[in-house]
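The entries follow in the order in which I looked them up.

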Amino acid sequence: TDPSGAPSGSTPSPQGGGVIRFGIVGEPATLDPYSPLASHLTYALVRPVYRSLYRFEPDGTPVADLVESIETEGRRTVVRLVPAEWSDGSAITARDVRATWRRARAPSGWRAVARLRVLDERTVELTGDASDWPRALARLTFVLPGGRPRPAIAGGPFRIAEITRGLRYVYEPNPRWDGPAVLPQRVVVTVVERLEILLALLERGSLDGAWPPVGVNLRQRLTEMGLESESALGWELVYLDLSGSPLSADQRFGLYGLIDRARLDSGLVRDGGRIAHQLKIGPQRINIGQGRGPAGSVPVGATLQLAVPVGDELLEFVQRVLQRDFAKAGVRLEMVTIDTATFYGAWRRDDPIDLALRRHLGAPGLRPEERVPDALPLWHMKSLLAWRSGVHGLRVNPTVEGPLWNASEWWIDRSR
């Protein structure tokens with residue numbers, strides 16, 4: 001079958017126009033991909049709006065987007081941009097690239113660039129130590145107008161025409177887009193709080209497609225509902241976030257060593273991913289090994305809060321598993337659930353919680369002034385898309401590109 005679920009050779013010709021309704025669980029705290037509050041939901045929603053120097057194909061191959069040519073000599077790389085416009089008619093220039101680079105932060109590939117100099121309106125000179133510039137410059141390197149997010153001013157195939165926080169984001173074609181034809185007249189992304197609500201909306205036809213967080217037996221549940229789906233293992237990581245914890249590095253590793261990761265693998269992960277033993281943190285790489293984790297001192301008698309986002313049923317399940325694992329060693333966990341916009345946003349700074357279970361597209365960073373691990377890996381999850389019969393073009397891209405990476409190619413067979 002092709003990615004739309006139709007038998008090979010039988011897919012009807014794409015039809016332009018129409019509205020496609022797409023659902024996600026949770027909402028980002030910001031649409032600024034370089035904000036400290038940016039999350040995987042941020043990256044997913046702005047992907048159709050902003051272009052990058054390079055982008056990733058589903059197999060992880062970097063392909064040129066804004067790059068017309070690239071030449072490297074030693075640590076010096078010269079990048080020439082393609083002629084392109086923002087949706088307001090102004091040119092996408094080297095100054096937009098420089099302003100964006102100045103704001104970028106990990107895990108963006110812009111961090112591989114130590115120095116960036118504008119040579120002319122469409123040419124920049126990069127200085128840095130990347131061994132593979134196309135791959136580095138494909139990793140979350142959205143180019144923003146003047147370096148700042150303005151969702152109504154787009155460089156990609158869509159602009160965001162309407163935002164209703166907590167409810168929906170409406171995408172309309174960018175009138176200045178000069179790439180391949182944009183098939184949908186409009187894409188409406190609906191925000192829901194829980195996976196079961198998302199599945200119910202899909203089943204009754206209120207949504208055409210969705211990006212459900214992978215959960216236990218989810219593919220089987222989708223099949224029983226008569227829905228199509230596709231999944232692929234990629235860069236999505238589930239990890240234990242300790243950035244709000246007062247614990248020492250030794251105590252953090254001690255807690256991590258209590259987690260029965262083999263039981264997580266056999267009972268929860270199953271064929272939905274694979275246990276992760278390594279996490280690249282800034283310039284370091286922590287190798288956890290094949291066992292339960294490195295030895296450390298367990299803070300016996302401590303009471304810690306463990307937070308997960310509301311509606312992520314898999315992380316809520318893991319939360320209960322960790323509560324039992326830690327209780328056996330005399331550590332009490334208080335379970336907390338937080339709405340997604342807050343969870344992936346402001347609470348990290350305003351009301352830090354000791355521990356959290358998170359999803360992330362690519363490894364998170366480490367506070368540069370410390371060598372205390374803020375994040376410890378649990379497993380890599382598969383990315384999954386689901387859609388109703390007759391919906392075409394949806395393809396899983398398990399890199400940092402997210403589910404809307406090819407939304408311009410989506411269409412519905414209305415002859416059915």
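**Entry 1: the second largest pocket.** I began with the second largest pocket, which holds about 360 Å³ of space. On a 1 Å grid over the protein atoms alone, a pocket is an open set of points with protein on both sides within 12 Å along at least five of seven lines, and a cavity is a set where a 1.4 Å probe fits but cannot get out; lining residues have an atom within 4 Å of a point. Points are joined across faces, edges and corners, and a volume is the space filled by probe spheres set on the points. I found 20 residues in the lining of this pocket, with R55, W177, W405, S408 and E409 nearest its centre. The elements giving two or more residues to that lining are β2 (54–56) and β3 (62–64). I took helices (H or I, at least four residues) and strands (E, at least two) as DSSP runs, numbered from the N terminus. By class, the pocket lining has 12 nonpolar, 2 polar and 6 charged residues. Here Ala, Val, Leu, Ile, Met, Phe, Trp, Tyr, Cys and Pro count as nonpolar, Asp, Glu, Lys and Arg as charged, and the others, Gly among them, as polar.

**Entry 2: provenance.** I note that this is a predicted model, in which local features need pLDDT of at least 70 and side-chain atom pairs count only at pLDDT 80 or more, while totals for chains, interfaces and linings use all residues. Residues are numbered from 1 along each chain as its sequence is written, and side-chain values use heavy atoms, with hydrogens and water left out.

**Entry 3: cavities.** How many cavities of 30 Å³ or more does the rule give? The count comes to 2.

- The largest cavity has a volume of about 190 Å³. It is lined by 17 residues, and V25, H40, P213, D312 and R359 lie nearest its centre. Both α1 (40–46) and β19 (375–387) supply at least two residues of this lining, and β19 gives the largest share, 3 residues. I recorded 10 nonpolar, 3 polar and 4 charged residues in the lining of the largest cavity.
- The second largest cavity has a volume of about 70 Å³. Of its 11 lining residues, W211, S383, N397, G402 and P403 lie nearest the centre. The largest share of the lining of the second largest cavity, 3 residues, comes from β19. Its lining has 6 nonpolar, 4 polar and 1 charged residues.

**Entry 4: the chain as a whole.** I counted 10 helices and 21 strands in the chain. Of the 416 residues, 56% are buried, where buried means under 20% relative accessible area, exposed over 50% and partly exposed in between (1.4 Å probe, protein chains only). Among contacts (heavy atoms within 4.5 Å) with a separation of 6 or more, 71% join residues 24 or more positions apart.

**Entry 5: an open sheet.** I then followed 4 strands that form an open sheet in the order β4-β5-β7-β6, with antiparallel pairing. Because β4 (67–73) and β6 (113–120) stand at the edges with a single partner strand each, one side of each is left without a neighbour in the sheet. Neighbouring strands are turned by 20 degrees against each other on average, direction ignored. Axes are lines fitted to C-alpha atoms, for helices over the stretch in contact, and angles run from 0 to 180 degrees between N-to-C directions. Strands β5 (residues 76–81) and β7 (residues 123–128) pair over 5 bridges; pairing requires at least two DSSP bridges. Within this pair, V79 stands opposite V124 in β7.

Entry 6: Beyond four places in sequence, the contacts of L126 include V79, L116, W133 and L137.

Helix α2 lies across β5, β6 and β7, running at about 160 degrees to β6. T100 lies in α2 (residues 94–103) and is buried, with a relative accessible area of 0%. Leaving aside neighbours within four places in sequence, T100 is in contact with Y34, W110, F142, V143, L144 and G147.

**Entry 7: a hairpin.** Finally, I looked at β8 (residues 158–164) and β9 (residues 168–173), which pair in the antiparallel sense over 6 bridges. The bridge partner of F158 in β9 is P173. The two strands form a hairpin with 3 residues between them, and G166 in the turn has a positive phi of about 80 degrees.
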